[in-house]
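Hi there,

Here is the structure I promised to pass on.

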Amino acid sequence: MPLNDDQNSDSDSSRLSESTASSSDLEYSRQSFNSDSSSKPSSPASSPPKAITFDELMAATRNLSNWTLAHEIAVNANFCIKHEDYPQNSFAGTVKQIVHKAFWDHLESELNEDPPEYEHAIKLFEEIREILLSFLTPGANRIHNQICEVLDTDLIRQQAEHNAVDIPGLANYIINTMGKLCAPIRDNDIKQLKATDNIVELLRQIFRVLDLMKVDMANYTIKSLRPYLWHNLVDYERTKFQEILEETPGALNLTTEWIKESIEDELSSVSDESSSSPGADSSSKPIISPTLVLNNGYLKLLQWDYCKTIPETLITDEVRLQELREKLNQLKIIACVSLITNNMVGAAIVDLPDFADHLKRISLPLLEGMNKKSFDLKEALNAIGIQICSTVNKSLSERGLPTLSEEMQSNLMGQIAHIVEKNNPVCSLIDKRIQLFMRSLLTLPSSQKCMPTVPGGLSVIQTEMELLGSQYASIVNFNKKVYGPFYANILRKLLFPEAAVEKTEAETSSN
């Protein structure tokens, strides 16, 4: 498998992000939807409904696991494997501790016998040898041969028969070899091994450090694979999803329903506009842009109820989309509070240039976890209102001005508390402007590097909105690039059913 140097990872990622932003990757013209794209290698093949066996189901599960893992490694720069153990006071942790203690106590009693019993120790050396060999790269023949020669279990057994096994010498060789193969972060662990005198405890600690080295090696492999995955991820994910679709014919059901709901929303919107426009021809069939349908579907993900199952083509980004939704909800509340405060006591905070930053500092901790069912948003808003009144009054006092009256403070806190109410006008306004900003991101041409203008009322959260917007656009554009052919087939059938029927009839007659 050809791998690029690690330092190329960032530039590769940048180039891929730029390429995924291209609007030409998914041109939903009527002509393309009515054309036969089955001959194109990027087009997904359709499969008739069929019953699947247990083996086919397991194969689909393995494909799903590989697909999601590859995607996570490629797009999440912080993805890594962590060494985790059971909590010490847990039942599983207690059982593990008891079993391990029994094993090492038994080994110690065998080595203390006269003559010593070496069979279990030899098996441990054999296991250590295989672990050390697994760390070697292809071509490391010299150290490979040396490890096999020193930890030759047949030779050690012959030495055991004559009570001539040099266990401390073998352990010392193992530690020195581990020191050559380990990551720098394990140097202190190696030093501690060299300072351990008890041979049984030493073997026990050797296995502990080897477990850590396995994790280090896995993470190094992941880091090395990332640039390669970036280069091949689009084709890989599309191919893997096609395999899942062939093994599980219903693997696009939720995606189809998601797109269908977006079409219905668009039809409703077009119908409302037609009815409000005098002289409009109500008999003509509305023309809906497939690109607009898909973009509206992506926008709905920012308000998705993640208790429901997400469309299949977005499973790999579900966690990221959910985090985006949660952060956007927090920012929406902050923007609402800022707008209300400016409208009611704007004159009092006009000389507070850092008021916006102060508002975010006091609000974000109080809004942490606001998407949990147990979260009390009204209580959090009340606390934010109290903090704002305190800040404003402090500023007014320092400037020798009269503080806010009790009535003004009560009105301000009441308006902030009303944000939780359904159809609150301020909340609805801010929500529409956030949606407008996110929608404009999805329509940007790939050549445009700058962000669209942030709508009025969102200046207090502009920096955060631009960061989240960039992450959101990256997820959407990459998703379009991978699953565009699948979306094209679904949209063709839903928007142009006549053409889909003609195509089916033509295929049937030709067969």
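Predicted model: local features only at pLDDT ≥ 70, side-chain atom pairs only at ≥ 80, totals over all residues.

Residues are numbered from 1 along each chain as its sequence is written, and side-chain values use heavy atoms, with hydrogens and water left out.

The structure holds 15 salt bridges (a side-chain nitrogen of Lys or Arg within 4 Å of a carboxyl oxygen of Asp or Glu). One of them pairs Lys360 with Glu464, with 3.1 Å between the closest N and O atoms. That pair links distant parts of the chain, 104 residues apart: Lys360 is in helix H14 (residues 355-366) and Glu464 in helix H18 (residues 462-495). Helices here are DSSP runs (H or I, at least four residues), numbered from the N terminus.

Lys360 is buried because its relative accessible area is 11%, and Glu464, at 23%, is partly exposed. The cut-offs are under 20% for buried, over 50% for exposed and in between for partly exposed (1.4 Å probe, protein chains only).

Lys300 also forms a salt bridge, with Asp265, at 3.2 Å between the closest N and O atoms. Here helix H12 (residues 290-300) holds Lys300 and helix H11 (residues 253-276) holds Asp265, 35 residues apart.

On the surface, Phe91 lies in helix H4 (residues 91-111), and counts as exposed because its relative accessibility is 71%.

Best wishes

Conventions. Helix = DSSP H or I, 4+ residues; strand = E, 2+ residues; numbered from the N terminus.
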